[in-house]
Amino acid sequence: MEKLFMTGNEAIAEAAVRAGCRYYFGYPITPQNEIPEYMVKRLPEVGGVFLQAESEIASIFMVYGAAGSGARVMTSSASPGISLKQEGISYIAAAELPCVIVNMMRGGPGLGGIQPSQSDYFQATKGGGHGDYHLFVLAPATVQEAADLCLEAFDIADRYRNPVMILGDGVLGQMMEPVSFQDRRPAADLPEKTWALTGTKGRAANVVKTLNLDPSVLEKHNLKLQEKYKRMAKEEVRVECYQVDDAEIVIAAYGTVARIAKTAIQALREKGIKAGLVRPITLYPFPYKTFADIAPKVRKILTVEMSLGQMVEDVRLAVGDKTEVCFFGRCGGIVPGYEEIVVEVEKLTAKVAR
Amino acid sequence: MSESKTQKKPKRARIAIDEHFCKGCGLCVDNCPQHIISISGTVATSGYYPAQCPDPENKCTGCTLCARICPDVAIEVFKAKKVDGGAH
Amino acid sequence: MNTEAQEMERIFERPRALRSATTHYCPGCGHGITHRLVAEVIDELGIRETIVGVAPVGCSVLMYNYFDIDMFEASHGRAPAIATGFKRARPDLPVFTYQGDGDLAAIGIAETIHAAARGEKFTTIFINNATYGMTGGQMAPTTLVGQKTATSPTGRNCETAGYPIKVCEMLATLDAPSYIARVSVSSAKHVLKAKQAISKAFQLQLKGFPYTFVEVLSPCPTDWHMTPQEAVEWLEENMFPQYPLGEVKAPKEGV
């Protein structure tokens, strides 16, 4: 397969086009501008449309409109912009419109900074907008994986009629790595989009809506959404376990931090410390079972994040009192070096030895 | 007295007010150039006092203005078919 | 001649694009009239099976219960963005948004201006009744100076609440829109003109003209605390001077 040298942002954009995405609506924000800048050139080549909206709010509702036609559509942004999109994301989740949303996280809260961060984990996995809903959240760690997951994301969105978020950060978005693209057509067993708005010709009118004034109808709709989330949890959890079989200490990390953790694990093993990594690839649905299964076999789990402790709450939920869950995080745009992780693990193993 | 009392015109047109839809707003009453629509004194099943147009003097011209101002699409208008006089 | 037996033909009936449903609108509300006009135009242009509408948030949020066409329900003010996204994906289908003054001129003014500035090829029907109807008659961007509402109980004070927005005139400063008109549904005479404008807007869209916009001055008897008769009189006396009727912008070549 042909290898190209691309940034994570560009790889995601190219993968989206190869997945059949023909409509992109966005608004400039660092560090994801390579996505719209790629799309504006690439989409016209395949008969698609790129449109720079007047705001993140408008762009997410353009996604709502295009997705309502049954088309494959995406938007991308970074943390403050994703906050602005939350209104539309809630409506898209409620209306069950498939689409892909990329968040290349930067430091927050507020305008924060433009350096990489993972502090939008709660927002991505627990809701973000109002109401009982969840995004399907994919967290790639390499440029190749970003491309592969983006190719799959559109199928997942169509299969579950649910918005899918690709959650990266400035490192992943702007780092260049070799990447190759699978030839991938939409899965053959995806449900037909009979709900799409196409004009009523030959059928009763369709309505894409989210208002349910009757509480019993709204409760029923919510229960239907929950059934979908349960189905996702059953069918779609993805996780990488790296050198965990003999590990005494397991690092829990996703995305960019997971890459750094792998380097730390090598260094730790050279020092005789048996460390491993559990890397959630789907942040929602979260691999609770993997952590629950591993917990009794390890002395400690160290969750490392570019935040002050968000995913660690899910790890603790999974593990309960089966083992101690510790945390190490940097934030504000500071990417932890592998040496820092080594030091943290050594501190824990020292305590273990005592 | 009106001429129709002495020389009643043939019915040229009529309207049908659907009491199910009429909310008795009275806009048709105000917009009827013939002043033949009024609000009924009897409550309809809708809970409103509907408009009525008995038109005993056959004044309705079928101008459709009542139907065009009606916010509830409660009025249908009928007009006498033109008799084919073989004019050409 | 037996006059009662004379054969009658139906010359005015419910348009096909409207379902046979009782609306939730109050007696004398202009939404019902405007719905019917839009539906009549849809029928006359033969586009019921191809058109896609976007409902706003506000009194007309449930309009998809009355129109027998494919429809979106937007969030507050975002209808132009949804219409943009849809029309870009399906440029072959006619598209319209139907929005009130709070939806369009307050929370959704950015989406409106930018859709107009881009010359998006859909039609917007803008109901201006100078108040927030659904939430109970609060002050809108189009509330007149001195007009009493639930949130301007002593009348809109321009010192603190500013002045009403003339949306047609504001949009007419943009280059892209092809048709901008203001009409009223306060009397049968005005209803006839309103329909002409709505028809022209849709016809221009079908011909590929960019952004078409019709503002409809519309009575809200309930939130104006008036009878339907008082409401249409108040509208003509007070809103006509502030919001002059007519085509503010139209293409040189006619329809």
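Colleague: How big is the largest pocket?
Modeller: In this predicted model, the largest pocket has a volume of about 420 Å³. A pocket is an open set of points on a 1 Å grid over the protein atoms alone, with protein on both sides within 12 Å along at least five of seven lines; a cavity is a set where a 1.4 Å probe fits but cannot get out, and lining residues have an atom within 4 Å of a point. Points are joined across faces, edges and corners, and the volume is the space filled by probe spheres set on them.

Colleague: Which residues are closest to the centre of the largest pocket?
Modeller: The lining has 21 residues, and the closest to the centre are A:Ala94, A:His130, A:Thr210, A:Leu211 and A:Leu218. Helices (H or I, at least four residues) and strands (E, at least two) are DSSP runs numbered from the N terminus.

Colleague: What classes do the residues of that lining divide into?
Modeller: There are 12 nonpolar, seven polar and two charged residues in the lining of the largest pocket. Ala, Val, Leu, Ile, Met, Phe, Trp, Tyr, Cys and Pro count as nonpolar, Asp, Glu, Lys and Arg as charged, and the others, Gly among them, as polar.

Colleague: And how much space lies in the second largest pocket?
Modeller: About 280 Å³. Its lining has 15 residues, and those nearest the centre are A:Ala95, A:Glu96, A:Lys209, A:His221 and A:Lys224. By class, the lining of the second largest pocket has seven nonpolar, four polar and four charged residues.

Colleague: Which element gives the most to the lining of the second largest pocket?
Modeller: Helix 8 of chain A, with three residues. Helix 4 and strand 9 (207–208) of chain A also supply at least two residues each.

Colleague: New topic. How many cavities of 30 Å³ or more are there?
Modeller: Four. The largest cavity has a volume of about 100 Å³. Of its 15 lining residues, B:Ile15, B:Cys32, B:Cys60, B:Cys63 and B:Cys66 are the closest to its centre. That lining divides into 11 nonpolar, four polar and no charged residues.

Colleague: What about the second largest cavity?
Modeller: The second largest cavity holds about 80 Å³ of space. It is lined by 14 residues, and B:Cys22, B:Cys25, B:Cys28, B:Ala51 and B:Cys70 are the closest to its centre. The lining of the second largest cavity has 10 nonpolar, two polar and two charged residues.

Colleague: On to chain C. How many helices and strands does chain C have?
Modeller: Nine helices and eight strands. The C-alpha atoms of chain C fill a box of roughly 65 × 50 × 35 Å along the principal axes. Of its 255 residues, 60% count as buried. Buried means under 20% relative accessible area, exposed over 50%, and partly exposed in between (1.4 Å probe, protein chains only).

Colleague: Is C:Thr124 buried or exposed?
Modeller: Buried, with a relative accessible area of 0%. C:Thr124 lies in strand 5 (residues 123–128) of chain C.

Colleague: Which residues does C:Thr124 touch?
Modeller: Leaving out residues up to four places away in sequence, C:Thr124 touches C:Thr97, C:Gln99, C:Leu104, C:Tyr211, C:Thr212, C:Phe213 and C:Val214. Contact means heavy atoms within 4.5 Å.

Technical notes: Residues are numbered from 1 along each chain as its sequence is written. Chains are lettered from A and ligands numbered from 1 in the order in which they are written. This is a predicted model: local features need pLDDT of at least 70, side-chain atom pairs count only at pLDDT 80 or more; totals for chains, interfaces and linings use all residues. Side-chain values use heavy atoms; hydrogens and water are left out.
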